[in-house]
Amino acid sequence: MEIERKFLVKRDGLFRTMVTSSTEIIQGYMDVRGATVRIRLRGDKAYLTIKGPSTNGGISRYEYEHEIPLTDAREMFRLCRGGYIEKVRHLVPYKGHVFEVDEFHGANEGLLFCEVELKSEDERFEAPPFLGPEVSGNRHFYNKNLLTAPYSEWKAELPEEYR
């Protein structure tokens with residue numbers, strides 16, 4: 001069970017002073033009903049991930065992720081529809097949790113949001129100072145949806161400090 005919450009990130013650059021590592025990610029999605037099937041290249045590794053539907057306001061869902069050979073991933077990208085998501089994932093440890101800040105490129109250039117994985121839906125954590133409003137469950141921020149409705153089309157809906 002994957003339990004994570006998503007938040008906007010303030011554009012003031014503060015999170016960058018706290019980053020311990022960054023990795024380029026390219027991911028595509030297969031057209032499957034009732035689940036999300038993702039192929040991801042992360043640095044020099046590749047993964048196949050299957051996620052079930054979200055529950056509890058988009059915070060929880062079943063997730064199965066397995067490392068696969070790079071050659072298999074590159075072949076499987078041909079089965080993906082709608083293009084690819086390109087982003088850099090920045091890891092920011094903060095008071096017992098690791099916050100993953102995703103910085104998007106391409107049609108989603110400029111989008112910054114953060115995920116934090118939790119052990120339970122009601123687990124408490126201290127928010128780092130760069131965290132903005134919660135967007136868990138907001139379909140705009142589902143990576144798969146960013147392919148069909150990229151950030152460039154709706155960024156004006158966000159408050160100025162997050163654009």
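**Charged pairs, aromatic rings and a cavity**

Glu126 is partly exposed, with a relative accessibility of 43%. The model in which this value was computed is a predicted one. Lys95 itself counts as exposed, because its relative accessibility of 55% is over the cut-off of 50%.

The whole structure contains 15 salt bridges according to the search. Another of them joins Lys45 to Glu67, where the closest N and O atoms are 3.7 Å apart. Here the partners come from strands: Lys45 lies in strand 4 (residues 45-51) and Glu67 in strand 6 (residues 63-68), so parts that are 22 residues apart in sequence are tied together. Lys45 is partly exposed, at 36% relative accessibility.

A further salt bridge is formed by the side chains of Glu115 and Lys6, at 3.7 Å from N to O. This pair links distant parts of the chain, with Glu115 in strand 9 (residues 112-117) and Lys6 in strand 1, 109 residues apart. Are these two partners buried or exposed? Glu115 has a relative accessible area of 8% and is therefore buried, the cut-off being under 20%. Lys6 is likewise buried, with a relative accessible area of 9%. Both residues also take part in a network of salt bridges, which links Lys6, Lys87, Arg89, Glu100, Asp102 and Glu115.

Rolling a probe the size of a water molecule over the atoms shows where empty space is left. In the whole structure, the search finds one cavity of 30 Å³ or more. About 100 Å³ of space lies in the largest cavity. Its lining includes Lys6, together with Glu2, Glu4 and Arg5, and other lining residues are Ser54, Gly58, Ile59, Ser60, Arg61, Ser136, Gly137 and Tyr142. The elements that give two or more residues to this lining are strand 1 (2-9) and strand 5 (60-61). Strand 1 provides the largest share, four residues. By residue class, the lining of the largest cavity divides into two nonpolar, five polar and five charged residues.

The aromatic side chains complete the picture. A pair of aromatic rings is described by the distance of the centres and the angle of the planes. The count comes to nine aromatic pairs. In one of them, the ring centres of Phe7 and Phe125 are 6.0 Å apart and the planes stand at 75 degrees, so the pair is edge-to-face. Phe7 lies in strand 1 and Phe125 in the loop between strand 9 and strand 10, so that distant parts of the chain, 118 residues apart, are linked. Both Phe7 and Phe125 are buried.

The pair of Tyr151 and Trp154 is also edge-to-face, because the ring centres are 5.4 Å apart and the planes are at 85 degrees. These two residues lie in helix 3 (residues 151-154), three residues apart, which is about one turn of the helix. Tyr151 is buried at 1% relative accessibility, and Trp154 is buried with a relative accessible area of 4%. Tyr151 and Trp154 belong to one aromatic cluster with Phe104, Phe113 and Phe141.

Notes
Residues numbered from 1 in each chain as written. Predicted model: local features only at pLDDT ≥ 70, side-chain atom pairs only at ≥ 80, totals over all residues. Heavy atoms only, no water. 1 Å grid on protein atoms, 1.4 Å probe; cavity = no way out; pocket = protein on both sides within 12 Å on 5 of 7 lines; lining within 4 Å. Points joined across faces, edges and corners; volume = space filled by probe spheres on them. Nonpolar A, V, L, I, M, F, W, Y, C, P; charged D, E, K, R; others polar. Salt bridge = Lys/Arg side-chain N within 4 Å of Asp/Glu carboxyl O. Buried < 20%, exposed > 50% of the residue type's maximum accessible area, 1.4 Å probe, protein only. Phe/Tyr/Trp six-rings, centres within 6.5 Å; stacked < 30°, edge-to-face > 60°.
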